[in-house]
Amino acid sequence: MSARRATLNGFTAVLMWAVLALVTAASGQVPPFQLAAMTFFIGGLLGAVTWPFRPGAIGALVQDWRVWVLGVVGLFGYHFVYFSAIRSAPTVEVSLIAYLWPLFLVLFSAFLPGERLKSHHLAGVMLGLAGAVLVITKGAAQGFQDGFKSGHALAFACALIWAGYSVLSRRFGKVPTDVVTGFCLATVVLSLICHVLFEETVWPESTREWLAVLGMGLLPVGAAFYTWDYGVKHGYIMVLGASSYASPVLSTLVLAGTGFATLHWSVVVACLLITVGAMIAAKDMLFSV
């Protein structure tokens, strides 16, 4: 039962990431690295404000250097590579390639102690991938419009980085989730450096935009990383991988419901594919006694 609860805990990250596109769109013209610095600062504070009430929690920051490399590469590295990718290749194509990460997560998980890749795991994640492709492309044929670019390779690296971070976090399963606070704050520093080097400062212009930044820092760029860390360390990691394909569909539904996008038939079909895929992948969890 504890693994089931941890899996559900991890899935809340997928739900929070579903609002990322909405709050990003509502945050105005804030440059990417500046936005990352602002939101990861909020995400880091989310953990740090609890330290006075939990003696010893700050001690989680004292970890082997490999833990820190993994966390910083996972959080900052992913965003740095993703921002670089969308600057040198079409966003839709980058999104398609980057969303290979749940598939890689499931495949990489097979090498973890005690894990075994079964046919229903693979079937579930492939259905999820089909659903994600459908909702991102809206059912249209998709190819590289202007040939293969460096951004496509960077998007592939994004998928490998996040899948690798998630799976390797399992190898450090005894490291408390409190360490994510440190990862977030390190990402703030590195994002600020990139902002100073590559961007001009643009602040949110309205209360709505400031609230969007706050919401982003509290949920998809804050609490989500804590719950994901706990989920991949203690839950059914292959189930989390397959169910992560719900994020682009839920994101589209959120955007449509708030007027930032219109619904398309592909979303309905994608919902069915991803739901069925997640249930197939979670067969062991759902029906174990």
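Where is the place of Ser244? Ser244 sits in the loop between α11 and α12, where helices are DSSP runs of H or I with at least four residues, strands are runs of E with at least two, and both are numbered from the N terminus. The model described here is predicted, so that local features need pLDDT of at least 70 and side-chain atom pairs count only at pLDDT 80 or more, while totals for chains, interfaces and linings use all residues. Residues are numbered from 1 along each chain as its sequence is written, and side-chain values use heavy atoms, with hydrogens and water left out.

- Ser244 counts as buried because its relative accessibility is 1%; buried means under 20% relative accessible area, exposed over 50%, and partly exposed in between, with a 1.4 Å probe and protein chains only.
- Leaving aside residues up to four places away in sequence, Ser244 touches Val14, Tyr99, Trp101, Pro102 and Trp228, where contact means heavy atoms within 4.5 Å.
- The largest nonpolar core has 73 residues, and those with the most contacts inside it are Trp101, Trp162 and Trp228; such a core is a set of buried Ala, Val, Leu, Ile, Met, Phe, Trp, Tyr and Cys residues joined through side-chain atoms within 4.5 Å.
- Trp162 touches Trp17, Gly74, Leu75, Tyr78, Trp101, Phe225 and Trp228, again not counting residues up to four places away in sequence.

- The 16 residues of α1 should span 22 Å at 1.5 Å a residue, and the end C-alpha atoms of α1 are 23 Å apart, which agrees; the expected span of a helix is 1.5 Å times one less than its number of residues.
- In α1, the buried residues are Ala6, Thr7, Gly10, Ala13, Val14, Met16 and Trp17.
- Ala246, Ser247, Pro248, Val249, Ser251, Thr252 and Leu255 are buried in α12, and the buried residues of α12 pack against α1, α2, α7, α11 and α13.
- Gly259, whose phi is positive and near 85°, follows α12.

**Pockets**

- On a 1 Å grid over the protein atoms alone, a pocket is an open set of points with protein on both sides within 12 Å along at least five of seven lines, a cavity is a set of points where a 1.4 Å probe fits but cannot get out, and lining residues have an atom within 4 Å of a point.
- The largest pocket holds about 1,400 Å³ of space, a volume being the space filled by probe spheres set on grid points that are joined across faces, edges and corners.
- Its lining has 41 residues, of which Leu20, Ala21, Thr24, Tyr82 and Ser95 lie nearest the centre of the largest pocket, and the elements that give two or more residues to this lining include α2 (20–26), α4 (65–86) and α5 (91–98).
- The lining of the largest pocket divides into 27 nonpolar, 13 polar and one charged, where Ala, Val, Leu, Ile, Met, Phe, Trp, Tyr, Cys and Pro count as nonpolar, Asp, Glu, Lys and Arg as charged, and the others, Gly among them, as polar.
- The second largest pocket has about 280 Å³ of space and is lined by 16 residues, of which Phe11, Ser243, Thr275, Ala278 and Met279 lie nearest its centre.
- Helix α13 gives the largest share of the lining of the second largest pocket, five residues, and this lining has 13 nonpolar, three polar and no charged residues.

**Cavities**

- The count comes to two cavities of 30 Å³ or more.
- The largest cavity has about 50 Å³ of space, and the residues that line it include Tyr165, Phe172, Asp229 and Lys233.
- At least two residues of the lining of the largest cavity come from each of α4, α8 (150–171), α9 (179–198) and α10.
- The second largest cavity, with a volume of about 40 Å³, is lined by residues that include Gln29, Trp203, Glu205 and Glu209.

**Two further residues**

- Val269 lies in helix α13 and counts as partly exposed, because its relative accessibility is 34%.
- Leu211 lies in helix α10 and counts as exposed at 53% relative accessibility; Leu211 and Val23 are 188 residues apart in sequence and 8.7 Å apart in space, C-alpha to C-alpha.
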